[in-house]
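Student: Can we go through this one together? I have not looked at it before.

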Amino acid sequence: MTAPHVPTDRLHDYVDDLLCREERMLVERHLAVCPTCRAEVADLRALLADLGELPAAIAPERDLLPGVHAAIDASAARRTRVQWLAAAAAIVVLAAAAAGVRWITVPAVSPDGAVASSGTVDDLWRHQSAEMERLLTYSRQTLDPATVRVLEENLRIIDRALTEARAALRSDPGNPVLEELLLATHRKRLDLLRGAARGGT
Amino acid sequence: MRGARLRVKPHSVAGPGRALRRQTPPARGLSVGTRTLLILSLLVSGAASTPPGVSAQRTLDERHAAPPRGAVRIHLYAGSLRVAGWDRDSIVVTGTAHERGMDRFYIGVGEGGSKLGLWPQGSDSLPPSTLDVRVPQGSSVWIKTVDASIVVEAVRGGVDLYSVSGDIDVAGEPRELFAESMSGSIAARVQTRVARLKTASGAVELRGRVDDAFTQTVSGATLIHGGAIAQGRFESVDGGIRYDGAVARSARLDFVNHGGPVELRLPKHAAAELSLNTFDGVITNALKARLVQTGRGFKGSDHVATLNGGGAHITVRTFKGPITLDTP
């Protein structure tokens, strides 16, 4: 009868050298007779070797920070536009990370760098939050009821703030400070949901 | 390397075959009669003299050689956890655990790093335990707890902490610090390149020398002890944010709040350029700084001020939270 394969997690531990001596010997004993697990270990080691080839850090050719600060100071309006652009890019990245391979409509960016209206970005954040809430469904069941209450209470606070900021933007369209506040509040909502998902057992 | 480690699941490490070293040695070499008498006498004395709960505690004492700059991953479900760096190449775990959780204790130490903890299977819970862990001071520490407080001291590697509802307290010089909780408070007295502190309803307190600081709460209060923060962004939705102390001339500090107050308590000699904007809040200027209204054509109150010739860049943005300028 063939011994069951070593669980993948344990093989990762083996390759990462996180096993104690006794366990390491057990795994090695199994590897000696199991070509499947040996192949998996070889793959993992190859992956680690490839990762090891990567440079620890890539230094920019010049110090970019002073230029970034100067650009930020140059114009409040321009700063806001860059932030919205960054936000849209962040949403795309988050959506890809959360939902795997998935197409998502990116707001049109004109050659001069203008992004679609703040309403579109707002919708994208809403979509992303909804996606994260869906992913949270399982973790939520493993959270303590007191924690769920904390989560729901804080979501209510955030949603109230979002409603107020949206209403204010309707009465004062293009207000860069309101747009910044709306964006910051959206980010906190997503962070809260992500934190709650991390808390599940 | 890191990618491979991230796939390790806590549940898988405490199963049969793991190196469990419990401090409850089996009785050997005793006759059946003697064992029965011993058990009965223990039961009687335990019931008569020991308060409920205490009798169920077991002590832990684990000692292992460890790499000086390895990764240490710790899971603790409930109770309290203290991790301190020391100048020895070994990991020592002491503490007490409820006997119901003893079989969930695990520890594995290899040349690349270590893992230890007390974590339930599936969605079960565990009674509170107390762990005191010594690690080589160059270690990078990663901790997750559900309802256990976390104290980390004198660790010089990266520190990444998460607790659902436990408080987090960090002191020392970690390479970088990431701390997050849902309802626990976070206090950091650190010297580090990067500090990221996030909590929903807990409070945040940051003190120390930080190149790049970021704090975020939803409803919890934030207190920043100023003086040595080169760059910082401090955000809340409804919790108060207070900055208290000096500002370095080259500092860039941003405060963002929706409904909570932002209070800047700056010394009279502070040299800074302030940009204050609130859509529907009130600005109170007890600093006697000359606030100049800017004409950007949008609703709300938008002011700038230059303190002592300018220097640090400070921006405050609120929706309806009041902004206060004052001295410490």
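Tutor: What follows is a short walk through confidence, chain A, the cores, the aromatic rings and some backbone angles.

Student: What should I know before reading any numbers?

Tutor: This is a predicted model, where local features need pLDDT of at least 70, side-chain atom pairs count only at pLDDT 80 or more, and totals for chains, interfaces and linings use all residues. Residues are numbered from 1 along each chain as its sequence is written, chains are lettered from A and ligands numbered from 1 in the order in which they are written, and side-chain values use heavy atoms, with hydrogens and water left out.

Student: What ipTM and pTM does the predictor give the complex?

Tutor: The ipTM is 0.80 and the pTM is 0.71.

Student: And what is the mean pLDDT of chain B?

Tutor: The mean is 85, with 83% of the residues of chain B at 70 or more. pLDDT is the predictor's confidence in each residue, from 0 to 100.

Student: Where in chain B does pLDDT stay under 50?

Tutor: One such stretch is residues 1-30, for which the model has 62 contacts beyond four places in sequence; a contact means heavy atoms within 4.5 Å. Residues 37-54 of chain B are also below 50, and that stretch has three contacts beyond near neighbours in sequence. Where pLDDT is low, the predicted coordinates should not be read in detail.

Student: OK, chain A. How many helices and strands?

Tutor: Chain A has eight helices and zero strands. Helices (H or I, at least four residues) and strands (E, at least two) are DSSP runs, numbered from the N terminus.

Student: How much of chain A is buried?

Tutor: 40% of its 201 residues count as buried. Buried means under 20% relative accessible area, exposed over 50%, and partly exposed in between (1.4 Å probe, protein chains only).

Student: Why is helix α1 of chain A largely enclosed?

Tutor: Helix α1 (residues 8-15) is largely enclosed by the rest of the structure because seven of its eight residues are buried. Among them are A:Asp9, A:Arg10 and A:Leu11. Just after α1(A), A:Asp17 has a positive phi of about 60°.

Student: Which residues touch the most others in the largest nonpolar core?

Tutor: They are B:Val83, B:Val133, B:Leu161, B:Phe255 and B:Ile314, out of 105 residues in that core. A nonpolar core is a set of buried Ala, Val, Leu, Ile, Met, Phe, Trp, Tyr and Cys residues joined through side-chain atoms within 4.5 Å. A second, separate core of twelve residues includes A:Leu11 and A:Val15.

Student: What about aromatic rings? How many pairs?

Tutor: There are four aromatic pairs over all chains. Rings of Phe, Tyr and Trp (its six-membered ring) pair if their centres lie within 6.5 Å; planes under 30 degrees apart count as stacked, over 60 as edge-to-face and the rest as tilted. B:Phe234 and B:Phe255 form a tilted pair, 5.2 Å centre to centre with 40° between the planes.

Student: Is B:Phe234 buried or exposed?

Tutor: B:Phe234 counts as buried, because its relative accessibility is 0%. B:Phe255 is buried too, at 1%. The rings of B:Tyr243 and B:Phe255 have centres 5.9 Å apart and planes at 85°, so that pair is edge-to-face. Ring pairs link B:Phe234, B:Tyr243 and B:Phe255 into a cluster.

Student: Last topic: what phi does B:Ala154 have?

Tutor: B:Ala154 has a positive phi of about 55°, although it is not a glycine. Most residues other than glycine have a negative phi. B:Ala154 is in the loop between β7 (140-153) and β8 (159-163) of chain B.
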